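This report goes through a protein and DNA assembly part by part. The sequence and the model come first, and the notes follow.

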Number of protein chains: 2
Amino acid sequence: MGDAMDAILEQWARERPDLDTWAMGVNGRLARLRHRLQQANRDFYAEHGLENHEFDMLATLRRSGAPHRLTPGALLKASMVTSGAITNRIDKLEAKGLVERVREAADRRSVFIRLTPRGLELIDGLMGPHVENVSRLLSALPPERREEFDASLRILLESLDDTSIH
Amino acid sequence: MGDAMDAILEQWARERPDLDTWAMGVNGRLARLRHRLQQANRDFYAEHGLENHEFDMLATLRRSGAPHRLTPGALLKASMVTSGAITNRIDKLEAKGLVERVREAADRRSVFIRLTPRGLELIDGLMGPHVENVSRLLSALPPERREEFDASLRILLESLDDTSIH
DNA sequence: TGATGATATCTCAACGTTGAGATTATCAAG
DNA sequence: CTTGATAATCTCAACGTTGAGATATCATCA
């Protein structure tokens, strides 16, 4: 059979046989796979009234543990967007009543973004179905390949300095 | 050592030990890896005055073979964005003199987007360095792992119906 | 105490994408 | 021919992100 990238690499082989295709293929497949997964995740989140990034932010707060609050700065580092986007996203989630801004006396430059009871309940109820959904999306990979695949991804990420969430 | 995703999965293991983490890990690593690669590619393209998507469109036209022209519809299908974005991108590349709109008598609903001589020269000169750059970015993956890694990506893409560029 | 630099968050103009609809052209059927 | 359906491209308002700068607070030290 072959995927879309096979067809693309065939074109390159015809037009520019001097180019080595392995890296191009992996680069393209990673882009396409990420895109497909993101679309599929978006469909799932939409069933529950959430945007992709809204789910991400709620999940980040949830996995930080009680009392389920982080500063915008911490949320920024945990994300892959810039500060303006974080402010905007917090605004939207606050308007939905899923998080709230809490100022503490300690350092008044800072704000805590805290899951509301509703936000906590929502994300806690969604994590199980989300994991099931992602598992289903990746279920085509034979079990005996899974460990090596994940390990390869980790090797690449470590080499690109993706080594910390702090 | 461990990558950023290891730290995230550790948090989940502490907070929600009931969740199976393999699929979440792969999903997150694919997102992060794609993001890192896209950033690195962007830096490379920027050295040559191109945006990420501009390089993509020029490369799509180049690999289609002489006479290096495709309709906006074909460029749309080859991309992962919507029609408004395609029109906008063509406008920008046309303003830079790298592609031109050509109407043919055959079907006047259609337009061909054709690489100009400058556009062809630019993308042809860039493909070699681009492949070198991507190869370097992926060089941490041991050679004996590469074939299986690529094959696993293909398995996943085929299962998600990413099977055609037409 | 006051000055200086660092830190945390927010602001906002510029820009790109989305996606439904408008426009124009072609094709098929009667 | 007309009519209606289909097709290809473009338009544009709504929206989100970027990224530099503004604002406010804190820390340090003379």
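## Surface near DNA strand D

Helix H5 of chain A is the main contributor to the surface near DNA strand D, giving 6 residues. The model described here is predicted. Around DNA strand D there are 22 residues, and those that come nearest are Thr82(A), Arg89(A), Lys92(A), Gly73(B) and Arg101(B). Of the atoms of DNA strand D that come within 4 Å of the protein, 71% belong to sugar and phosphate. By residue class, this surface has 5 nonpolar, 10 polar and 7 charged residues.

In chain A, a polar backbone atom of Arg108(A) is 3.1 Å from a phosphate oxygen of DNA strand D. In chain B, a polar backbone atom of Gly73(B) is 2.7 Å from a phosphate oxygen of DNA strand D. Ser110(B) uses its side chain instead: an N or O atom there is 3.3 Å from a sugar or linking oxygen of DNA strand D. The elements with two or more residues on this surface are helix H5 (83–95) of chain A, and helix H4 (72–78) and helix H5 (83–95) of chain B.

## Surface near DNA strand C

DNA strand C is surrounded by 21 residues, of which Gly73(A), Arg101(A), Thr82(B), Arg89(B) and Lys92(B) are the closest. Sugar and phosphate make up 73% of the atoms of DNA strand C that come within 4 Å of the protein. The residues of this surface comprise 4 nonpolar, 10 polar and 7 charged.

Two side chains of chain B meet phosphate oxygens of DNA strand C. An N or O atom in the side chain of Thr82(B) is 2.8 Å from one phosphate oxygen, and a polar side-chain atom of Lys92(B) lies 2.8 Å from a phosphate oxygen. A base is also contacted: an N or O atom in the side chain of Arg109(A) is 3.1 Å from a base oxygen of DNA strand C. Two or more residues of the surface near DNA strand C come from each of helix H4 (72–78) and H5 of chain A, and from H5 of chain B. H5(B) has the largest share, 6 residues.

## Interface between the protein chains

Contact between the two protein chains involves 70 residues of chain B and 70 residues of chain A. The size of an interface is often expressed as the accessible area lost when the parts come together. Here the area buried between chain B and chain A is about 7,600 Å², with 66% of that area given by carbon and sulfur atoms. On the chain B side, the residues that lose the most area to chain A are Trp22(B), Arg63(B) and Met80(B), which together account for 10% of what that side buries.

Between chain B and chain A there are 8 salt bridges. A salt bridge joins the side chains of Arg62(B) and Glu15(A), at 2.9 Å from N to O. In chain B, at least two residues of the side that touches chain A come from each of helix H1 (4–15), helix H2 (22–46), helix H3 (52–63), helix H6 (117–137) and helix H7 (143–159). H2(B) gives the most to that side, with 16 residues. The residues of the chain B side that touches chain A divide into 34 nonpolar, 16 polar and 20 charged.

## Annotated domain in chain A

An unreviewed UniProt entry annotates residues 23–158 of chain A as "domain: HTH marR-type". Over residues 23–158 the chain is 68% helix and 7% strand.

In chain A, the peptide bond from Ala66(A) to Pro67(A) is cis, with omega near 5°. Pro67(A) sits in the loop between helix H3 (52–63) and strand E1 (69–70) of chain A. His68(A), also in the loop between H3 and E1 of chain A, has a positive phi of about 55° although it is not a glycine.

Chain B has a cis peptide bond from Ala66(B) to Pro67(B), with omega near 5°. Pro67(B) is in the loop between H3 and strand E1 (69–70) of chain B.

Conventions. Residues numbered from 1 in each chain as written. Chains lettered and ligands numbered in written order. Predicted model: local features only at pLDDT ≥ 70, side-chain atom pairs only at ≥ 80, totals over all residues. Heavy atoms only, no water. Contact = heavy atoms within 4.5 Å. Buried area = accessible area lost by both parts, 1.4 Å probe. Salt bridge = Lys/Arg side-chain N within 4 Å of Asp/Glu carboxyl O. Helix = DSSP H or I, 4+ residues; strand = E, 2+ residues; numbered from the N terminus. Nonpolar A, V, L, I, M, F, W, Y, C, P; charged D, E, K, R; others polar. Near = heavy atom within 4 Å. Polar contact = N/O pair within 3.5 Å; in protein donor to acceptor, adjacent residues only side chain to side chain. UniProt positions renumbered as here; feature names shortened; annotations may be inferred.
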